[in-house]
Number of protein chains: 2
Amino acid sequence: MTTTGPRRLHLNAFLMNAGHHDAAWRHPRTQPERVTDLKYFQHLAQTAERGLLDSVFLADGLALWGKVRHNALGGFEPLTLLSALAAVTEHIGLIATVSTTFNEPFHTARKFASLDHLSGGRAGWNIVTSGTVNEARNFGQEEHLEHALRYDRAREFVEVATKLWDSWEDDAILLDRERGVYADTDKVREIGHRGEYFGVQGPLNVPRSPQGYPLLVQAGSSEDGREFAARYAEAVFTAQQTLADAQSFHKDLKSRLTRYGRTEDELLVLPGIAPVIGSTEAEARALEQELTDLQVPEYGLAQLSGMVGTDLTGLPLDGPLPELPEERDINGNKSRFTLVAELARRDGLTLRELIARLGAGRGHRVFAGTPEQIADQLEEWFTQGAADGFNIMPPHLPGGLEDFVDHVVPILQRRGLFRTEYTSRTLRENYGLARPANRLVAAASAGAAPA
Amino acid sequence: MTTTGPRRLHLNAFLMNAGHHDAAWRHPRTQPERVTDLKYFQHLAQTAERGLLDSVFLADGLALWGKVRHNALGGFEPLTLLSALAAVTEHIGLIATVSTTFNEPFHTARKFASLDHLSGGRAGWNIVTSGTVNEARNFGQEEHLEHALRYDRAREFVEVATKLWDSWEDDAILLDRERGVYADTDKVREIGHRGEYFGVQGPLNVPRSPQGYPLLVQAGSSEDGREFAARYAEAVFTAQQTLADAQSFHKDLKSRLTRYGRTEDELLVLPGIAPVIGSTEAEARALEQELTDLQVPEYGLAQLSGMVGTDLTGLPLDGPLPELPEERDINGNKSRFTLVAELARRDGLTLRELIARLGAGRGHRVFAGTPEQIADQLEEWFTQGAADGFNIMPPHLPGGLEDFVDHVVPILQRRGLFRTEYTSRTLRENYGLARPANRLVAAASAGAAPA
């Protein structure tokens, strides 16, 4: 499926409890008392759908993030929440984060196939390898698997999952009541996978789903992460602070595709942006300042310590970052480490200033302005080779998403940059991506075992 | 929470693709083309809710069951499907089967807590240990864990899960915007579990849910299964062919409760029944015969082979069961093995007759009759100490459930045996069961580490 007509940008709404700003829950426009209320997320998803966005997305961690003392953390598990949202939405894609480090491919493939059926083809999987020792300790491990090994496991995991999704041919179900034949079992195959990390016999116990596979999304921007993305991902979320950096990342990622036999239009790059929206620029800046003033420094310092792999507790807030380790010694999110270290150095920020800069986007770009100014920014990045679309991270919810949908989307539509109606049925179609062919069928007809 | 007024029976609707009869999908009243259509299951759940039933329930297996060539097998994964159904129902409980043998307690505890929040307190967990080597082979194991070890693991799994559900106190969230304190971290605890099978640090990343724990359900009737149920279960599904057997099971299970400090009203026994409903007895019997005539003997023989742990392929359908192993040598569902072996011996059944008898209920009781006759049966078992309620297994869907709701439920209501409106908010309240106390709080206030 190739999009016809003018090139259009794609928009994902990244949902997060009270909003992306770490002080959002203290702001009077947010509703942190509703973070375990389905109706709240239903409103968010339906707002994004009213704005004709491509998808909503939930991040995930397998331990209580950061310091729950000072932020509205914890709440729904993504696959259960998105399954519920599937029942009350019609067009919007539903992207759940699931870790390959702490799951089994049979379960994961099955749940995504189930969500894809439930939603009529709107499931997406943000593939993460998990980055913290606190997660490992919830799964019987004292230390976290080393970065490169996590990606090794992730590759095998995705290979197994795609084989499982391919284990039923699209037309395997015959439903021949007369002869008593429900399925053509020549078209439902064991996958017989025996690898380094997994042994999975198959077949899956879910028929092939509307999209074949869920949309495959990835968000790690390290060397390992980029290579993994080039091989498997169809959409990539990335944190980029400047146009130049985003252009360079976009170009780098696209250039890696050929070695996997893929073309540039088979992968979309979606940088994150936390838009702080005001009806005037002054109003937007005032809102940004208001959120900064609500930050709890102790929380910001703990978050920053995690990002830079260095305990910053007790350091003076008005002093600089101390000497940091090298990226190669970081076993968490390597690319985020480098981004934060460079941001602090480039702009000569104190710890307090750095915490303020990271408050709304955790390293993603923050932009405060009017709807026109925000649309300008999106247009610039989209037309200058920095982005195929954006991961919208409202600093406060639900208002920040409502403002984006009501005020920024119409401008993008007037400029011909964004759809004015949903014209497709599945998430992959929203993004203009093709439904994957069944590789096991291809292998079987070539008389060979699948690779 | 104790129920007041007359003792009422409880009803669970056991949902299954085209229905419980193994030939249901061939019958013109079923819709096997809709087994991956959310709207189909939405209709089933809403029908059960229209009938004021306590809950709907989904069984599960982690491999493709039996022979998909001859039955409408495969489809939705329970937790994703029930999460979707949570969004389109209001009162009915949602019970998902999840295996303790092939899952991690952190994931399982979290998903059920999430479903409990999503549904406003309507989640239930049917705890199974899984019984087949085909499931093991989807998780890197060549052989299936031995029966007693599976229950060992299950016990530790449930202990870890309950600790995780208790890791947030009910009032841990302070939401003090003024002081910037979201949660009282003295009330969010690590669980520090280190056991034989699991090491889980905790806390869970989901606040304590409306029910505290999901309703804990169990369905194994072996010696290990009964003891496990007596310790943990709040509702037990069981296959019982005769009033006397059901009375004996009911009495046995209730008698085991005291050793765990529990009282008889803390556990409900719900035998399965597959009601074949007709407006006359002749019509019901004709429908039963019609379904029998649609059976594929090859499928029935494969199913029976699994139940009795013996390959019956090629044996004459009009001959008897061959010599079978002892229950102690069965590593699958021990109690079902014994039930089937006894049924065949007691009634002197040929293989063909046995396959017909097992077609609708897989060992659960099948009863064909008018709505009045079915209500009589339920009343008898309920008043004669054989049941606290029933697990209703419609032979064909959606019609078999619609008939039950439209014709049997009103009779039970007129007899004062069943509710005439929902008066409670949670699944546990539907069943007249109390919300569990938080054991970690009790342990902390006693100054002791939790057991």
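In this structure, B:P203 is placed in the loop between β8 (199-200) and β9 (215-218) of chain B, where helices (H or I, at least four residues) and strands (E, at least two) are DSSP runs numbered from the N terminus. A cis peptide bond, with omega about -5°, joins B:G202 to B:P203. The model is predicted, so local features need pLDDT of at least 70 and side-chain atom pairs count only at pLDDT 80 or more, while totals for chains, interfaces and linings use all residues. Residues are numbered from 1 along each chain as its sequence is written, chains are lettered from A and ligands numbered from 1 in the order in which they are written, and side-chain values use heavy atoms, with hydrogens and water left out.

**Backbone features**

- A cis peptide bond also runs from B:L397 to B:P398, with omega near 5°.
- B:P398 belongs to the loop between β13 (389-392) and α13 (399-414) of chain B.
- In chain A, A:L175 is not a glycine, yet has a positive phi of about 55°; A:L175 is part of strand β5 of chain A.

**The interface of chain A and chain B**

- The contact (heavy atoms within 4.5 Å) takes 73 residues from chain A and 72 residues from chain B.
- Between them the two chains bury about 6100 Å², 57% of it on carbon and sulfur atoms; buried area is the accessible area (1.4 Å probe) that two parts lose on being put together, summed over both.
- On the side of chain A, the residues that lose the most area to chain B are A:R69, A:R177 and A:Y182, which together account for 13% of what that side buries.
- The rule finds 43 residue pairs in polar contact across this interface, both residues being at pLDDT 80 or more. A polar contact is a pair of N or O atoms within 3.5 Å; within protein, one must be able to donate a hydrogen and the other to accept it, and residues adjacent in sequence count only if both atoms are side-chain atoms.
- Elements that give two or more residues to the side of chain A touching chain B are α2 (78-86), α3 (105-118), β5 (173-176), β6 (181-183) and β8 (199-200) of chain A.
- The largest share of that side, 7 residues, comes from α3(A).

**Salt bridges**

- Side chains of opposite charge can pair when their charged atoms come close.
- A search of the whole structure finds 62 salt bridges over all chains, each being a side-chain nitrogen of Lys or Arg within 4 Å of a carboxyl oxygen of Asp or Glu.
- Across the interface of chain A and chain B, the rule finds 6 salt bridges.
- A:E142 and B:R194 form a salt bridge through their side chains (3.3 Å, N to O). This pair crosses between chains, from the loop between α4 (133-136) and α5 of chain A, which holds A:E142, to strand β7 (residues 193-194) of chain B, which holds B:R194.
- A salt bridge also links the side chains of A:K111 and B:E77 (3.5 Å, N to O).

**Surroundings of A:T36**

- A:T36 is located in the loop between β1 (10-15) and α1 (38-50) of chain A.
- Leaving aside residues up to four places away in sequence, A:T36 touches A:G75, A:F76, B:H117 and B:P207.
- A:T36 and A:F76 are 40 residues apart along the chain, and their C-alpha atoms are separated by 6.3 Å.
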